[in-house]
Amino acid sequence: MYIIIQSVITGILLGGLYAVIGVGMSLVFGIMRLTNIAHGDLMILASYFTMLFAMEIVGNVFLALLITIVLMLILSFLIQTFLVNRVIDKGPEPSLLVMFGVSIIIRNALILIFGANNRTIPNPLSTTNILNSPNISISGGYLVNFIVGVAVVLVLMFIIQKTYFGMSIRATASNRMGAELLGVNTKRIFAYTLCLAVATASIAGLLIGQTFVFYPSTGPQYLITAFGVVVIGGMGSLGGTLVGGILLGLVQLLSAHFFGTGWQTIAGYVFMLVILTIRPQGIFAKARR
Amino acid sequence: MSDTGSILKIDNLNVHYGDFQALYDVSMEIKKGRVTSIIGSNGSGKTTLLNTVMGINKPTSGSITLNDKDISGMRTSKIVADGVTMSPEGSSIFEDMTIKENLLMGAYLPHARKRKTELVEKAFSLFPDLREKSGQLASLLSGGQRQMLSIAKAIVTDPQVIICDEISLGLAPVIIKDIYKKIKEINAAGMTVLLVEQEVKRSLKHSDYSYIMVKGRVVMEGVSGELPEEEVSSAYFGINKYA
Ligand SMILES: Nc1ncnc2c1ncn2[C@@H]1O[C@H](COP(=O)(O)OP(=O)(O)OP(=O)(O)O)[C@@H](O)[C@H]1O
Ligand SMILES: [Mg+2]
């Protein structure tokens, strides 16, 4: 019994991390109709950046994250301005291919610079248990991941739903020409959207790096996690990513409990496929006309 | 009607879609403070012309000047910032946003943002139906209300020139009459209006000056009150017979 409760708790906490892994992808899909296939590699790139700054240069994780976010924003603005904006009017496929190219470049650049070895970002909390009873324990690292994940999604929802800037992002997503005819430079809005997504990816990169080992080719693994979260929660629904993340975490941990750890990953995919079959738009998104 | 300077000038405009030429040497002069209408049957190039003015289509040759500034080929949002906007053919409203949010978006540009409460209020007083539904999603509006919202949010940008493409398309006569009444009010408040209409009689009645387009060319123009309806109709239908 306690073991199930333990799985549920860990699943939910893991879900918070999954939410922040998926939320940037959901945003880019919802606003730009772009499947950002480089999302996973961007997160891992951020893991390397924070590792580098935290361990070698500034010695402080928060400062390292700030510097990483700034660098990642500059990078995403360049990607958007010089690559994606040139093809975004030509339908979804060219932008998909561009992001595929970006993904390959990031991965290979990481191998060149850092080598193929496993890395990790030291985290004092990961070995500290917040709750430590004989039956149930709560890892400090997981709890922090969860809190940060939920906070990131809520802040993003606030920006999109409650600010004028967020409203112009929603308007652009809803009717691009309609927005342009009110004086909105929609390509710039797209660039800002990618920046927001990449900022969340940077935070996800730090959390991933502190929780798991990573190496240059881990990106696609987290891309698939992001896919799962977005498919389950609903493409483009930010609140849905929280639910999607938590459900995915629960399914993984419970299947590991009932069927053995070997089932953890595959059960997540099966769940994603089941959702795709019975509710293709995801649990929270409205069906598109 | 006292101010007779021209605000928007279209000069020998040619526009192509691939190999197909949609506009042939189109020239127009839109007078400041007037209502100008473009009449033409389906496929005569009206939307192509308006979209080219708004930077949605790029011209092959010719020029478009707004207050003596060449705006041809400029980005749409820039043209809007220079003082022209359009309620386009088909929908331009933000379906999954509320009516109020749709209108607030009209105040996106800095000069309008500073006065957004006032401008939205002005739009609401012009279209009281919209005020009633202020908090509702735009997707729930009727066809006529959508048209009103489309015009209303264009007005919130506080433009010098407002362009309306086919405001009467698919609407009941009472609603069309109502919308034209609003256009008159908008114009009386000092805004220059350029509109597209398919019905000759209605167009002549509600405008100061008219251009008649057939197959990508301007074939007739004149002060609306002085253009004989029969002649306009025969120009309109006459060539249509051979189409
Ligand atoms: N995107 C496009 N690609 C190719 N041809 C086009 C395109 N848009 C319009 N055309 C052609 O250009 C011509 C003019 O079309 P346009 O839409 O400007 O006419 P219109 O006067 O607005 O007609 P309507 O009254 O039906 O709206 C038509 O022959 C049309 O088929
Ligand atoms: Mg048309």
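This is a short chat about a predicted model with chains A and B.

Visitor: Ground rules before we start?
Guide: Local features in this predicted model need pLDDT of at least 70, side-chain atom pairs count only at pLDDT 80 or more, and totals for chains, interfaces and linings use all residues. Residues are numbered from 1 along each chain as its sequence is written, chains are lettered from A and ligands numbered from 1 in the order in which they are written, and side-chain values use heavy atoms, with hydrogens and water left out.

Visitor: How many residues does each chain put into the A–B contact?
Guide: Chain A gives 22 residues and chain B gives 28 residues. Contact means heavy atoms within 4.5 Å.

Visitor: And what area do they bury between them?
Guide: About 2100 Å², with 62% of it on carbon and sulfur atoms. Buried area is the accessible area (1.4 Å probe) that two parts lose on being put together, summed over both.

Visitor: Switching to helices. How do H9(A) and H10(A) pack?
Guide: H9 (residues 219-233) and H10 (residues 238-259) of chain A pack at an angle of about 115°, with axes 7 Å apart. Axes are lines fitted to C-alpha atoms, for helices over the stretch in contact, and angles run from 0 to 180 degrees between N-to-C directions. Helices (H or I, at least four residues) and strands (E, at least two) are DSSP runs, numbered from the N terminus.

Visitor: Which residues meet there?
Guide: From H9(A), A:Thr225, A:Val229, A:Ile232 and A:Gly233. Among their partners in H10(A) are A:Gly240, A:Gly244 and A:Leu248.

Visitor: What classes are they?
Guide: The H9(A)–H10(A) contact has four nonpolar, six polar and no charged residues. Ala, Val, Leu, Ile, Met, Phe, Trp, Tyr, Cys and Pro count as nonpolar, Asp, Glu, Lys and Arg as charged, and the others, Gly among them, as polar.

Visitor: Is A:Cys195 buried or exposed?
Guide: A:Cys195 counts as buried because its relative accessible area is 13%. Buried means under 20%, exposed over 50%, partly exposed in between (1.4 Å probe, protein chains only). B:Cys164 is buried too, at 1%.

Visitor: How covered is helix H1 of chain B?
Guide: Mostly covered: eight of its eight residues (46-53) are buried. Among them are B:Lys46 and B:Asn51. Just after H1(B), B:Gly55 has a positive phi of about 80°.

Visitor: Which residues other than glycine have a positive phi?
Guide: B:Asn12 is one, with phi near 45°. B:Asp25 is another, at about 40°. Most residues other than glycine have a negative phi.

Visitor: Where do B:Asn12 and B:Asp25 sit?
Guide: B:Asn12 is in strand S1 (residues 6-17) of chain B. B:Asp25 is in strand S2 (residues 20-31) of chain B. B:Asn12 counts as partly exposed because its relative accessible area is 41%. B:Asp25 is partly exposed as well, at 48%.

Visitor: Last one. What does B:Ala235 touch?
Guide: Leaving aside neighbours within four places in sequence, B:Ala235 contacts B:Val214, B:Val219 and B:Met220. B:Ala235 and B:Val214 are 21 residues apart in sequence, and 8.0 Å apart in space, C-alpha to C-alpha. B:Ala235 lies in helix H10 (residues 229-240) of chain B and is buried, at 16% relative accessibility.
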